[in-house]
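Please open the model in a viewer and display it as a cartoon.

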Amino acid sequence: PGANVITAQYCHAAWHEARRRYRVHEGTRLDAWYQTLVGAQAVAYERRAYADPALRAVIAVSRITAGELTRHYGVGAGRITVVPNGADPAVFDRARYPTARQALRHERGIAADAPVALLGGTYARKGLDTAIAAVARASRTLHLVVAGAGDGDAARRWAAAAGMTDRLHLLGARSDVARRYAAADVFILPTRYEPFGMVIAEAMASALPVIVSACSGAAELIEPGVSGCVVESADDADAFATQLRTLLADPAHREAVGRAARQAAQAAAWPAVAAQTAAVYHAALARS
């Protein structure tokens with residue numbers, strides 16, 4: 001509260017809605033109580049911040065987030081500018097990591113010719129259970145590699161139930177994610193709530209075909225069927241499986257989608273993002 005310009009990376013009121021809708025639970029009862037308490041505090045702070053008379057402009061990281069700010073906090077659309085989060089196309093360039101594909105398969109004991117799907121992020125909110133089910137239904141040889149954190153016991157139970165025990169690879173939180181994108185064949189993110197989704201923009205910049213749920217803000221960068229795939233419901237494992245099968249069945253098409261994804265990700269490259277952000281601050285100063 002009291003800020004002149006707010007960049008909205010998140011809308012906690014919208015996340016509470018999504019958590020109830022998708023019945024997202026992870027951790028102990030104490031964890032759940034803590035998250036509920038902190039979330040309520042965050043909503044209260046957001047409500048105060050967006051109503052504060054000092055506020056001159058709001059940057060939302062996606063059109064989805066802009067709509068949530070208007071719906072939950074009454075922020076006028078005329079005060080909001082949509083500027084995506086930035087991803088450096090020089091860092092997220094698979095050509096920089098020519099040995100990544102072989103290295104990952106050697107590290108995890110995956111056959112050299114086996115396809116790999118990658119998911120990045122926390123397990124429950126990012127829809128790891130849906131991803132496991134989708135991979136199991138899409139192919140008997142496809143492996144799912146996960147760079148992120150969450151309830152490992154729950155993840156292994158989901159994998160066992162789907163017959164995926166030997167094809168689920170939990171890497172934990174990683175700092176070498178650019179290499180992981182370069183090692184994969186496809187990126188999957190059935191996220192339940194995603195104001196933007198840096199991992200999506202990074203995967204696209206890495207020329208990796210992406211399959212994401214429609215509620216992710218970075219899905220706005222995707223032309224469905226051309227530069228990626230968008231699934232309406234985060235819990236629709238069958239739809240995710242269908243998209244996986246389509247991409248795996250045609251390597252030439254998969255590579256074409258990856259190339260188009262990298263081109264589309266230029267909209268989130270740092271020069272464009274920095275210029276758009278600076279323009280909002282200059283406009284706010286002009287109104288002072």
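Select strand E2 and strand E3 (residues 80-82), which run parallel and are joined by three bridges; strands pair if DSSP finds at least two bridges between them. Helices (H or I, at least four residues) and strands (E, at least two) are DSSP runs, numbered from the N terminus. This is a predicted model, in which local features need pLDDT of at least 70, side-chain atom pairs count only at pLDDT 80 or more, and totals for chains, interfaces and linings use all residues. Residues are numbered from 1 along each chain as its sequence is written, and side-chain values use heavy atoms, with hydrogens and water left out.

Within this pair, Val58 has Ile80 of E3 as its bridge partner. Next, follow the chain from E2 through helix H3 (residues 63-73) to E3: this β-α-β crossover is right-handed (with the strands pointing away from the viewer, the path from the first strand over the helix to the second runs clockwise).

Now show the side chains of E2 (residues 57-60): Ala57 and Ile59 point one way, Val58 and Ala60 the other, and all are buried (under 20% relative accessible area, 1.4 Å probe, protein chains only). In a regular strand the side chains alternate between the two faces of the sheet.

Strand E4 (residues 116-120) pairs with E7 in the parallel sense over two bridges, and Leu118 has Phe187 as its bridge partner. Finally, select strand E8 (residues 210-213), parallel to E7 over three bridges, with Val212 opposite Leu189.

How values were computed: Buried < 20%, exposed > 50% of the residue type's maximum accessible area, 1.4 Å probe, protein only.
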